[in-house]
Amino acid sequence: MTVRIHAAELTAEPDRVIAQLFLPGEEWSANRSRAAEIIARVMSMPVDTIEALAAELTRDFGFRHPDVLDLFTGNAEVVSSRLADPVEISDAQRLVLGACFTSEYAVEGAALCNPSAVEHPDQAGLEPGEVRIAIALRSIGEGHRSSIGFAEAVVGPGRRWTFGERARPLWRARIEEGDWSIAHFRAAVEEEGILDEISHSVLQALPDRFTASDVEAAVTGLPSALARRQDSPRHIQALRDLTNSVYRAVFSAESALSQRVLTPVAAEERHGMEDARFVRFTDLTGAVHYRGTYTAYDGRDIAPRLMVTQDLRVFDIHRLTGEAAQDKGMALFPRPVDGRYLALSRTGGDSISLAESRDGVIWNHVGIVHAPEDPWEIVQTGNCGPPLETPQGWVVLVHGVGPMRRYSLGALLLDLDDPTIVLGRTTMPLLRPVDERRDGYVPNVVYSCGGVIVDDVLWIPFGIGDSRIGVCSIAVDELLALLVP
């Protein structure tokens with residue numbers, strides 16, 4: 001077999017946890033809430049009991065969360081309006097109070113899958129013949145909610161792949177306002193179907209680039225006759241939700257890549273951030289940074305979204321709009337082609353298509369590149385990550401879904417100058433979900449969100465049954481020899 005399966009493997013680790021706000025129950029009536037009752041119990045504890053409990057919580061959870069004291073006091077502040085006013089509260093009471101409204105969430109307690117590989121921004125400290133790889137992971141936890149985690153690996157010397165140890169504890173990002181261009185915001189407003197007198201008035205008051213604070217100022221300045229209409233609060237909230245769907249996620253400089261996890265922030269992500277596809281991107285000026293697309297899921301609808309980062313530490317998160325940004329699995333080309341941003345997307349849910357953009361955020365269809373043809377892809381096909389540039393053309397990893405919803409991996413070769421032209425394709429899968437690769441959280445699935453070429457070898461990390469991650473490799477010339485014109 002031309003494809004080589006390597007022994008390296010990542011498995012889900014349930015002790016990789018983050019902490020989140022926990023509010024036990026809704027308001028039962030105007031006169032009673034569980035939050036108020038919990039606070040009353042905490043505040044009535046004897047001093048020695050509360051101090052012992054605070055010490056125990058700090059000891060038991062301090063090594064699992066990098067900022068446990070700030071975490072507890074922050075969550076105590078969230079419910080502080082339920083405290084009798086005025087009231088004296090000790091540090092120990094504040095810590096215990098915050099801990100009562102905090103819970104842990106195992107980001108990969110259910111599954112770990114769908115890796116995307118890209119050259120790491122830090123190549124220091126390596127031996128000759130080694131290349132460090134950054135890997136984005138789909139981490140699935142309770143309620144099948146997905147987050148984006150990270151790992152590292154080293155390729156080489158030679159045909160060797162070694163996963164790095166994943167560090168703990170996990171760090172969550174600090175969330176800051178993102179910024180919009182007026183053209184992108186107008187396109188998003190139109191796409192959401194909320195272009196009305198209120199949004200038109202707000203748009204007129206905004207500068208060419210703006211943040212959520214600018215939108216709030218524009219809302220405050222709405223004519224009273226417009227702001228007080230019966231349906232105005234709903235329209236204004238829709239504008240706020242749209243504005244806040246763009247944000248910046250900043251991780252501490254103290255965190256290692258494998259400690260970082262991107263968790264849902266925007267309303268359209270509330271049920272998950274799925275299948276990140278990263279690419280090391282060179283723009284028209286020659287500047288290099290990283291871009292990643294992923295699928296946001298709100299429990300009902302999906303939406304492709306974009307991450308832009310220089311260092312995999314600070315991420316600018318954007319919406320994507322346009323007719324070609326409506327389905328799962330967008331994958332960006334690593335550079336503009338003929339002055340255009342290009343991406344592979346999906347049309348009709350089952351075919352691979354090409355999309356183009358002038359600004360990287362508003363996307364239009366170009367045409368279908370490949371539709372299901374062979375038995376192993378007869379249900380649907382799609383990309384398995386960004387195209388990889390070779391002198392012979394763009395190598396594109398693809399997945400095919402066949403009978404029994406069996407996912408297999410194959411490849412296409414697209415023309416460098418005109419990627420609508422398919423120069424070659426695999427008529428048989430490179431990798432199938434058979435034998436030890438058959439069972440898992442989702443059976444009969446091998447899937448990748450992106451490989452990487454190092455020294456003329458294509459390395460493919462792939463999910464196995466949505467439960468663990470393996471690695472295979474194939475020499476580029478051997479892959480090209482397998483393609484049927």
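Begin with the aromatic pairs, of which a search of the whole structure finds 10; rings of Phe, Tyr and Trp (its six-membered ring) count as a pair if their centres lie within 6.5 Å, and the planes are called stacked under 30 degrees apart, edge-to-face over 60 and tilted for the rest. This is a predicted model, in which local features need pLDDT of at least 70 and side-chain atom pairs count only at pLDDT 80 or more, while totals for chains, interfaces and linings use all residues. Residues are numbered from 1 along each chain as its sequence is written, and side-chain values use heavy atoms, with hydrogens and water left out.

Select Phe 150 and Phe 315, whose ring centres are 5.9 Å apart with planes at 25°, so the pair is stacked. Phe 150 belongs to strand 6 (residues 146–155) and Phe 315 to strand 17 (residues 314–319), so the pair ties together parts that are 165 residues apart in sequence; strands here are DSSP runs of E with at least two residues, numbered from the N terminus. Both residues are buried, meaning under 20% relative accessible area with a 1.4 Å probe and protein chains only.

Next, select Trp 161 and Phe 163, an edge-to-face pair with 5.7 Å from centre to centre and 75° between the planes; Trp 161 and Phe 163 are buried as well.

Note on methods
Helices (H or I, at least four residues) and strands (E, at least two) are DSSP runs, numbered from the N terminus. Buried means under 20% relative accessible area, exposed over 50%, partly exposed in between (1.4 Å probe, protein chains only).
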